[in-house]
Amino acid sequence: MSTFKAPKGTYDLIPPQSAQYLAVREAIAAPLRNSGYGYIETPGFENVELFARGVGESTDIVTKEMYAFETKGGDRLALRPEGTASVLRAALEANLHKAGNLPVKLWYSGSYYRYERPQKGRYRHFSQVGAEAIGAEDPALDAELIILADQAYRSLGLRQFRILLNSLGDAECRPVYRAALQDFLRGLDLDEDTLRRAEINPLRVLDDKRESVQKQLTGAPLLRDYLCDACKAYHEEVRELITAAGVAFEDDPKLVRGLDYYTRTTFEFVHDGLGSQSAVGGGGRYDGLSEMIGGPALPSVGWALGVDRTVLALEAEGVELDLPSTTSVFAVPLGEEARRVLFAKVTELRKVGVAADFSYGGKGLKAAMKAANRSGARYALVLGERDLAEGQVQVKDMESGEQTAVGLNEVVAELESRL
Ligand code: ATP
Ligand code: MG
């Protein structure tokens with residue numbers, strides 16, 4: 001063991017478990033790729049100001065959780081704590097919104113960083129797969145994203161997740177609600193920090209996870225009762241579209257999210273097997289974000305699903321992903337000449353697209369066959385001196401144990417057809 005360990009709040013993805021992570025990323029991405037979302041990749045760090053403005057000065061993410069630093073050149077940067085602000089920044093910078101094809105639909109996958117108190121399901125480095133649909137105000141787009149997330153979780157075999165849905169109103173109705181909520185909060189017995197929060201961003205108090213706070217919020221005014229007609233109609237349409245798609249959801253009138261930019265449709269995916277870190281994903285509409293970071297008005301909607309917590313949710317439900325073995329053929333040479341000949345065959349197999357691996361390090365037959373077993377290969381190729389002299393190789397079916405001799409010149413085509 002080296003003297004170094006992974007930094008606090010982080011962990012490494014290591015085979016074989018790492019295959020689960022890849023499969024989860026893939027399962028979340030597949031419905032997006034299938035629905036017109038193009039892949040986008042942005043840097044792991046951005047100008048700190050982007051997040052301060054885009055995520056919100058009063059959010060925990062910006063005030064407590066951000067890894068902000070100054071470079072030797074004096075730039076103020078931050079490791080990205082989330083994806084939306086960066087993706088929108090990149091789309092604006094590349095003028096994607098001017099290409100006359102709105103909405104711009106993008107998906108991404110990557111690492112995010114938040115300085116949080118590490119616990120199960122809460123890490124300082126974690127992974128998200130996300131999607132953003134930029135530049136259109138259409139309830140079908142909100143519905144599409146919710147349906148695609150549902151499809152992603154279901155394709156993984158998850159069942160114990162729930163979709164919580166709310167509307168946060170817009171620039172017309174939210175200020176009225178905000179004032180009413182503020183009035184209500186001022187009358188509560190809250191600590192100084194929370195009272196300050198109530199002045200800056202009262203909606204976020206609704207998201208306070210402490211029991212002592214939640215108890216006092218029982219009679220709080222609800223946004224639902226303050227929505228303007230346009231927001232009400234929009235929300236009703238989103239609800240109808242996802243209902244028609246057969247996607248179950250729960251109305252959660254207190255649902256707000258930890259980022260300032262959300263408007264109208266807001267949703268969260270929670271899993272009941274995860275204890276307190278129950279959110280496996282979340283998202284919503286952010287009609288004002290583009291203007292907040294200096295762009296034109298571009299009503300948009302998106303989500304981000306946490307890969308780490310999705311893997312934990314799979315474990316909690318006891319779902320075993322059916323991951324086919326990555327190696328199909330494992331080659332076992334016995335002797336120097338066999339090694340050269342078989343290595344060439346492995347290269348040939350790989351060229352024609354057969355996943356093949358090789359017994360390295362001059363192992364004996366027994367150790368090599370153990371390695372073949374461990375690789376999960378369907379076939380082992382064993383080449384001894386006698387086979388070599390006869391121009392053939394033993395093809396062992398690792399499932400049935402059956403072994404047949406195949407000509408060395410024919411073996412690649414033979415395996416190709418058998419697989
Ligand atoms: P929470 O309320 O649990 O802090 P959040 O609202 O901060 O979550 P989002 O910013 O909406 O989370 O991020 C979307 C998803 O990313 C979350 O639902 C979760 O699955 C995942 N996620 C967020 N923060 C972490 C973290 N520190 N460690 C692991 N996964 C995380
Ligand atoms: Mg958080």
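Reader: Over the ring of which residue does the charged end of arginine 124 sit?

Author: This is a predicted model, in which local features need pLDDT of at least 70, side-chain atom pairs count only at pLDDT 80 or more, and totals for chains, interfaces and linings use all residues. Residues are numbered from 1 along each chain as its sequence is written, chains are lettered from A and ligands numbered from 1 in the order written, and side-chain values use heavy atoms, without hydrogens and water. A charge sits over a ring if NZ of Lys or CZ of Arg is within 6 Å of the ring centre and within 35 degrees of the ring normal. The charged end of arginine 124 is 4.0 Å from the centre of the ring of tyrosine 115.

Reader: With which residue does tyrosine 115 form an aromatic pair?

Author: Rings of Phe, Tyr and Trp (its six-membered ring) pair if their centres lie within 6.5 Å; planes under 30 degrees apart are stacked, over 60 edge-to-face, the rest tilted. The structure holds twelve aromatic pairs. In this one the centres are 5.8 Å apart and the planes make 90°, so it counts as edge-to-face. The partner of tyrosine 115 is tyrosine 67.

Reader: How many residues apart are tyrosine 67 and tyrosine 115?

Author: Tyrosine 67 is in the loop between helix H3 (60-65) and strand S3 (68-70). Tyrosine 115 is in the loop between strand S5 (104-113) and strand S6 (125-134). The pair thus links distant parts of the chain, and the separation is 48 residues.

Reader: Is tyrosine 115 buried, exposed or partly exposed?

Author: Buried means under 20% relative accessible area and exposed over 50%, with partly exposed in between (1.4 Å probe, protein chains only). Tyrosine 67, at 27%, is partly exposed. Because its relative accessibility is 45%, tyrosine 115 counts as partly exposed.

Definitions and conventions: Helix = DSSP H or I, 4+ residues; strand = E, 2+ residues; numbered from the N terminus.
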